[in-house]
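Here is a briefing on one protein model. It covers cavities, aromatic pairs and a sheet.

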Amino acid sequence: MTRPVYRQVANDLLRRSRALPLKGFQRITDLSTTQLIRAVNKATRYEYSWQRRGPRPIGIGPYTYINEHSNYMDVGKGIVPESEQWYKVVSAPPGEEVDWLSPITSSYTLCATKTGKVVCWDVQTDRCLAEWIPGKRWELWKCRVEFEEKTVYFTMAKVTNATNDDTRTMEFVLMRLRFFDGHTGESADSPPVFEHVTEFKTRGIVMNVFLLDPIARLLSAFIYSSLTTTICLYALLDWDKNEYVFIDTGIECIPSSNWSCILFERNIVIHCEESHGAFQYFYPLHLLESFSKILDDKSGIPMISYCVAPAVKLHRKFVFPKLKGISPTPSDEATTPSATNGTNGAVYTHLSPSPAPPQSSPTTNGTNASVSSPIPTPSAGPSTLISPPTNTNPFPNPPWCPDSAHFVRQWWPTLPGIPRVSCTVVLLAAHDTETHHTRFMLAQHYFRVPLTHGEWDPTAVTALTHKLVGAPHALRLPGEREVTRSDSNSKDKGKETSHEENSWGREIKQEEEVEDAALMNLWYVDTPFEVVCVADSREEELDDDDDDDDEAESDRPRPLVAVDFGHAAWIEFVDNEDDPTRPRSDDLDAKWLRFVTFPPFDEGLGKVYDGEKPWAKTGGVVRTLDTPPELNLDLVETINIDQSQGAVILSVRDGLIYILCYE
C-alpha cells in the first residue's frame, strides 16, 4: 500500500501547485517507490518550512555522487564533491558576460551572453556541452522546456530597423536544444544539440513573444501599433508553413497594464492585468484561421490587414488585503481594456488613429504596455454567493507604477487531471522626486483560464459564427484581396440573461464562483524595499552597411528580481532605519539576498477570508537568506529561483555561477 499512498500525496501536492524535486528529465510515472517517497517528502518539507520559517542552507556531510539534500549538488563520476558546502559554484562561459540564465532541470543551465552566444552548461561536471553562436546583436527573448520531449525551445531576436513606430522591423529565429537523456534522471553520454526550427520577421513594436505550444508548432506575439495605439496579435498557427495571422484586436494600450498570452482549449487568450483587475480576451483558432495569409518566402515581412474583436471578453476585480500601517487611499477611477465596436468576432468598421503613448522597450519578463477605455463587463454572478472584503488598493497607481511583470505557468512535470493554474508577480515602483530614491513592492496573485467559469461555455465558443467583412485596416496594403466569411445560422445575440445566469444562459455554480473570486486575492510583501538594479547595456557594433538609425540601445536598469510559482527572490539594499528587525549594517551600500513565499495556492481558497489564516491579513513574509562568504552581491548580473529544487542561482561578473541550495 506504500506506493498508492505516496502517489496520492504527490497528486495532492501537485494540485496545490507544488512541484516535485525530480532529477533531470525524470517523469513521475517512472519513479521507483524509493524515489517517489524521497521526492514527496522533500516537496512536503519545502511547502511546510518555507511558509513558516523560510529557507535554510541544506545539511552538509560526506557523500559520493548523489546528494540526499539537493539534486543540484550531485556530481559526475570521478569528481570529488565539496562535502562541507551547501552550495555549488560552476563556471560561466569564459570571457563572456551573462545576459540571461535559466536552469534546465537540476542538471543543466542555459545562458545567453551579451555577444549573442547561447551555451548549455553541465552543472554536475562543470563543463560546456553545446553552444550556438548566431552573432552579435541577437538577444534571447523567450525560453520554454518541454519535459516529455526532453527539448528546450527558445527564440532569439534582433532589430533590423530601429524606428519607434509601425515601420520598425525585427528578425526572429526559433531554435531548440534537444537532449538525449533517459527518464532515470542520469545524463546521456551524447551531448545535447542545437537545431534550427524556423525564422520569421515582424513589423511594428514587438512587446513580447509566446511559445504557446511547441509540439503543435504554435507561437504568438503582441505588437503595438503606434498609429492606432492598440494591441495587435501576430500568430504562426503552424510554423512549418509560410502562413501567418496578423490582426488588430482594437484593445487600447497604455503603459500601466501587463500582458500575457495563453493557449486554452484551442483558444489564444490575451490576459491583461491593470491595477484594479484582470481581463481575458479569447480568440478561437478557427476564427484566426480565417485571417491566415501566405508569405512568398520566410524573408517576407508581414502586413496587418484586419481589425478583429475577441470572441469572448471576461473581467474580474482584485480583492485587496487590509495591511497594517497602510492608510486607505481612495481608488482612482477604474479604466478597463476595451475592444471598441466589437461583437463576437465581428470586424471593426472603423479604426481611427490617435496619439501614441510613451514608448518602452520590449522585455522578456513582461511588458509595460496596457489597455484602457471602459467597456461593459460581464456579470460576476449573484452577489449573494460570496462576500469578499472591500478594501481599497493600498498601493494605487499613481504613485505605484508597474516596473515589470512576471507571469509563471505550471512548468514542471505533472500528472493527468491536475488543474492548470498560473501565477502573476508584479514589481511596483514609486519614485520620490525629492530624494530620487525608488521604493519597490511585490504584488502577487493566482489566476486560471477562464477568469470566470460562470461566464464561460466552451460549446458556445466552438459554435461561434462570424461575418468577417468591413473596412480595411489603415496599415493594409492597397489592392489586397478582401476576406469574407458569413453564416446565416448565427446565434441570436439579443437574448436577455437573468441574475442567476451568465451571458451564455448557463447556470452559475456557487463553488465555481467562490473559487474564481478567491483567486483574485492580491497579496503583497510585508514592507516596501529598495531593490538593486543593474545597467542592462550591451555594446553593439554596427555593420558597415547598417543604417544610421540602427543604433545601440541605451542602458536600462534591470531589477535583480527572480520569480517562480508562488515565490520570489531579489537582491536588496540593507535598510537600517525603517525595519528594526532586519540585520544591522554600517555599510550604506550593503546588500542582502531576500526571499518571500506568498500564500499558497489551494483549491479551497474560498476559505481565505477566514481571519484565522495568517495570510488573510498580511501576505508574504520576507526572509533574509544566508549566502556564501565569498559571494559578492555587488557583482551579481542575473538571479534565478528554482522552487522545485529549493535553489537560488546567481551569476556574477567574474565568470562564476553560484547555486545556493536551501531546505
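How many cavities of 30 Å³ or more does the count come to? The count comes to 4 cavities. This is a predicted model, in which local features need pLDDT of at least 70 and side-chain atom pairs count only at pLDDT 80 or more, while totals for chains, interfaces and linings use all residues. Residues are numbered from 1 along each chain as its sequence is written, and side-chain values use heavy atoms, without hydrogens and water.

**Cavities**

- A cavity is a set of points, on a 1 Å grid over the protein atoms alone, where a 1.4 Å probe fits but cannot get out; lining residues have an atom within 4 Å of a point.
- Volume is the space filled by probe spheres set on the points, which are joined across faces, edges and corners.
- The largest cavity has a volume of about 230 Å³.
- Its lining has 20 residues, and Glu 274, Ser 275, Val 426, Leu 428 and Leu 522 lie nearest the centre.
- Strands β21 (422-431) and β22 (438-447) each supply at least two residues of that lining; strands are DSSP runs (E, at least two residues), numbered from the N terminus.
- By class, the lining of the largest cavity has 10 nonpolar, 8 polar and 2 charged residues.
- Nonpolar covers Ala, Val, Leu, Ile, Met, Phe, Trp, Tyr, Cys and Pro; charged covers Asp, Glu, Lys and Arg; the others, Gly among them, are polar.
- The second largest cavity has a volume of about 100 Å³.
- Of the 13 residues lining the second largest cavity, Arg 18, Tyr 446, His 567, Pro 600 and Phe 601 lie nearest its centre.

**Aromatic pairs**

- The whole structure holds 27 aromatic pairs (ring centres of Phe, Tyr and Trp, by its six-membered ring, within 6.5 Å; planes under 30 degrees apart are stacked, over 60 edge-to-face, the rest tilted).
- Trp 86 and Tyr 87 are edge-to-face, because their ring centres lie 5.2 Å apart with planes at 80 degrees.
- Both Trp 86 and Tyr 87 are buried (under 20% relative accessible area; exposed is over 50%, partly exposed in between, with a 1.4 Å probe and protein chains only).
- Trp 411 is partly exposed at 25%, whereas Trp 412 is buried at 5%.
- One aromatic cluster includes Trp 411, Trp 412, Tyr 446 and Phe 601.

**Sheet**

- An open antiparallel sheet has 4 strands in the order β1-β32-β31-β30.
- β1 (87-91) and β30 (636-642) are the edges; each has a single partner strand, so one side of each lacks a neighbour in the sheet.
- β30 pairs with β31 (647-652) over 6 bridges, antiparallel (pairing takes at least two DSSP bridges).
- Ile 639 stands opposite Leu 650 in β31.

Conventions: 1 Å grid on protein atoms, 1.4 Å probe; cavity = no way out; pocket = protein on both sides within 12 Å on 5 of 7 lines; lining within 4 Å.
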